[in-house]
Structures are given as C-alpha cells and as structure tokens.
Amino acid sequence: MFFINHDKPSLYVLHRGARLATSSGDGTVKIWDFSKAECVLTFTDHTHAVWGCSWHSCGDFLASCSMDNTSKIWDVNRYLHVLHTVHE
C-alpha cells in the first residue's frame, strides 16, 4: 500500500478505529484520519527507515521501530511528542 504523503512507499500499515498509522522508508510515521481523508500527524524523529508501528490498546500511544536502532513511544494526543526512546 502506498500513501502519497510518504516520500517512499509505506512499509507498515495499522489501523485503530478511525485512525490509521503508517511507517515508511522515508523515516516518518504518519497518522491518518479516515473521516478527513488526510494525514493529521507526522512523526519525524527517526533518522532512518521505520519498519513497524503498533498502537497501544488504549489508542493514545503508538510505538515505532526503525533502522536507526531506536524504538519510540509517541503520544498521539500531544502532537509530535515522544514519550520515550529506546536505543539498541
């Protein structure tokens, strides 16, 4: 699946209710709103391709893992806020 706002094809797609999370080879994680049919958040703290992302069961947090040897926990309600970074 390819989303036009990513510079490279999306590597991972995961939905949670009306929101969809995508990660990409361009080093970004994006949150999409189905009702608006647009990208509503872009996380840019990774420095290399982001291979995966996963929603927390409450829907407020998203984890991502990257080729930059980090995993990040994002608070999707506090725009662009990284809660925690784990380095390999």
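This report looks at a few residues in a predicted model.

**The aromatic pair**

The structure holds one aromatic pair. Its members are Phe43 and Trp74, and the pair is stacked. The ring centres lie 4.3 Å apart, with 15° between the planes. Phe43 belongs to strand 4 (residues 38–43), while Trp74 belongs to strand 7 (residues 70–75), so the pair ties together parts that are 31 residues apart in sequence.

**Buried residues**

Phe43 is buried, and so is Trp74. Further buried residues include Ser23, Cys53 and Gly59. The table lists their values.

| Residue | Relative accessible area |
|---|---|
| Ser23 | 0% |
| Phe43 | 1% |
| Cys53 | 5% |
| Gly59 | 3% |
| Trp74 | 1% |

Why does Cys53 count as buried? Its relative accessibility is 5%, and buried means under 20%.

**Ser23 and its contact**

Ser23 sits in strand 2 (residues 19–24). The side chain of Ser23 reaches the backbone oxygen of Val50 at 3.2 Å.

**Cysteines**

How many disulfides does a search of the whole structure find? It finds zero. Cys53 is in no disulfide. The nearest cysteine sulfur is that of Cys65, 8.2 Å away. A disulfide needs the two sulfur atoms within 2.5 Å.

**Gly59 in a loop**

Gly59 is found in the loop between strand 5 (50–55) and strand 6 (61–66). Gly59 and Val76 are 17 residues apart along the chain. The C-alpha atoms of Gly59 and Val76 are separated by 8.3 Å.

Note on methods. Residues numbered from 1 in each chain as written. Predicted model: local features only at pLDDT ≥ 70, side-chain atom pairs only at ≥ 80, totals over all residues. Heavy atoms only, no water. Helix = DSSP H or I, 4+ residues; strand = E, 2+ residues; numbered from the N terminus. Buried < 20%, exposed > 50% of the residue type's maximum accessible area, 1.4 Å probe, protein only. Polar contact = N/O pair within 3.5 Å; in protein donor to acceptor, adjacent residues only side chain to side chain. Phe/Tyr/Trp six-rings, centres within 6.5 Å; stacked < 30°, edge-to-face > 60°.
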